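These are my notebook entries on one protein model.

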Amino acid sequence: MHLTKTIKTIAFAFVLTAFSLPSAGQDLLARTVPVDKKLKSLDTLALHEVTERENLESPSADLYADWDNRYAHKATELPETYKINLRNFCMPTPSRVITSQFGARWGRQHRGLDIKVYIGDTIKAAFSGKVRVVRYEAKGYGNYVVIRHNNGLETIYGHLSKHLVRENQTVKAGEPIGLGGNTGRSTGSHLHFETRLCGVALNPALFFDFRNQDVTGDYYIFRKSTMENESAKATAARGLKQNSYTKEEVYGGQKPQASAATSSSSNNSSAPTPTRNDNYAQSSNNRYHKVTEGETVHSIAREHNVSVERILRLNTFINPNDLRIRPGQAIKY
């Protein structure tokens with residue numbers, strides 16, 4: 001009788017244990033689910049932090065094999081396709097006037113856009129990134145800055161009167177990086193602006209619409225097979241449309257004020273007080289003429305009913321002994 005009771009007790013305990021195991025397993029599983037989610041969240045956060053650190057150290061490392069401060073650009077193999085994020089941008093300048101387009105010019109290739117600015121105007125970083133080069137090139141860019149961005153592009157800002165950043169400095173979109181100028185191989189104050197992917201120059205008009213002070217979209221899908229055709233379309237849609245412009249038109253109908261660089265560069269005590277280039281700082285009645293093939297100083301003077309002497313006085317870069325001018329130059333009259 002005692003044995004029978006013991007067996008029944010053991011059997012009952014076994015049944016209870018059997019029934020309780022799934023419940024305990026479910027409880028254990030239920031307890032581990034939020035832990036797994038937290039671990040997954042931590043993994044994602046850690047991955048994000050690692051990616052951010054890598055971008056700070058070397059932006060777009062998936063496209064560029066090295067980080068070198070010694071050269072402005074070095075062409076490497078382009079990807080067949082690449083998605084370029086254009087969000088969180090800043091226009092390098094509020095000027096809306098393109099004085100020279102991307103492409104063939106004077107028998108050579110012009111690898112960027114020339115934007116009309118005045119000496120001392122604040123030039124800003126187009127996207128966030130890291131400054132790779134801050135240099136001076138007498139026969140080319142003059143004072144220039146190269147920034148590598150997290151979206152894969154590198155932007156070049158040429159003919160500056162002054163640098164406001166240093167090499168290996170991290171910058172945010174809209175941060176002042178230099179002052180407009182007329183240094184290097186330049187015939188008048190302007191910003192030479194380039195956009196490059198893997199060191200290869202791409203038409204900035206693919207990404208930036210200076211007349212409307214906007215980018216062309218949230219993203220741009222680069223396709224190696226169609227880049228020349230797309231560049232031509234971008235120039236036609238957003239390139240130069242007129243041969244003359246007033247000073248007010250440079251800033252979209254507003255007269256240029258004293259450069260914001262005085263406040264934005266207050267931490268740089270050596271920054272000069274912005275001034276206008278004498279070559280472009282006459283009264284607002286002055287207008288500009290974009291030189292085309294075959295035009296001369298005399299023909300421009302006749303067209304606008306002004307004297308040659310006035311043109312020479314307003315454009316001191318023209319040699320009065322030979323009066324030589326080139327297509328693409330902006331002549332004040």
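This is a predicted model: local features need pLDDT of at least 70, side-chain atom pairs count only at pLDDT 80 or more; totals for chains, interfaces and linings use all residues.

**Entry 1: secondary structure and overall counts.** I counted six helices and 20 strands in the protein. Helices here are DSSP runs of H or I with at least four residues, strands are runs of E with at least two, and both are numbered from the N terminus. Residues are numbered from 1 along each chain as its sequence is written, and side-chain values use heavy atoms, with hydrogens and water left out.

I then looked up burial, taking buried as under 20% relative accessible area, exposed as over 50% and partly exposed as in between, with a 1.4 Å probe and protein chains only. Of the 333 residues, 45% count as buried. For contacts (heavy atoms within 4.5 Å), I took those with a separation of 6 or more; residues 24 or more positions apart account for 70% of them.

**Entry 2: nonpolar cores.** I defined a nonpolar core as a set of buried Ala, Val, Leu, Ile, Met, Phe, Trp, Tyr and Cys residues joined through side-chain atoms within 4.5 Å. The largest such core holds 41 residues, and the members that touch the most others are Val-145, Tyr-157, Ile-177, Leu-197, Phe-207 and Phe-208. Elements giving two or more residues to this core include strand 1 (81-85), strand 7 (129-137), strand 8 (142-149), strand 9 (153-160) and strand 17 (219-223). I also noted a second, separate core of 11 residues, with Val-291, Ile-318, Ile-325 and Ile-331 among them.

Which residues does Leu-197 touch, not counting those up to four places away in sequence? I found Leu-63, Tyr-64, Leu-78, Tyr-82, Gly-152, Leu-153, Leu-202 and Phe-222.

**Entry 3: Leu-78.** Leu-78 counts as buried, at 8% relative accessibility. Beyond four places in sequence, Leu-78 touches Leu-197, Cys-198, Val-200, Phe-222, Lys-224 and Met-227. The C-alpha atoms of Leu-78 and Val-200 are 7.7 Å apart, although 122 residues separate the two in sequence.

**Entry 4: the loop between strand 1 and strand 2.** I compared two residues of this loop, Asn-88 and Met-91. Asn-88 is exposed, with a relative accessible area of 65%, whereas Met-91 is buried at 8%. Asn-88 has a phi near 55°, a positive value in a residue other than glycine. Leaving aside neighbours within four places in sequence, I listed Lys-124, Phe-208, Asp-209, Phe-210, Gln-213 and Asp-214 as the contacts of Met-91. Met-91 and Gly-174 are 83 residues apart along the chain, with 7.5 Å between their C-alpha atoms.

**Entry 5: two further loops.** Asn-305, in the loop between helix 5 (297-303) and helix 6 (308-314), also has a positive phi, near 55°. Is Asn-305 buried or exposed? I recorded Asn-305 as exposed, with a relative accessible area of 72%. Tyr-251 sits in the loop between helix 3 (247-250) and helix 4 (261-264) and is buried, at 13%. Its C-alpha lies 4.6 Å from that of Ser-95, 156 residues away in sequence.

**Entry 6: the largest pocket.** I used a 1 Å grid over the protein atoms alone, a pocket being an open set of points where a 1.4 Å probe fits, with protein on both sides within 12 Å along at least five of seven lines; lining residues have an atom within 4 Å of a point. The largest pocket has a volume of about 590 Å³, the volume being the space filled by probe spheres set on the points, which are joined across faces, edges and corners. Of its 31 lining residues, Arg-105, His-110, His-159, Arg-185 and His-192 are the closest to the centre. Two or more lining residues come from each of strand 2 (98-100), strand 4 (108-110), strand 5 (113-116) and strand 13 (190-197). Strand 13 gives the largest share, four residues.

**Entry 7: cysteines.** I searched for disulfides (cysteine sulfur atoms within 2.5 Å) and the count came to zero. Cys-90 is buried at 18%, and Cys-198 is buried at 1%.
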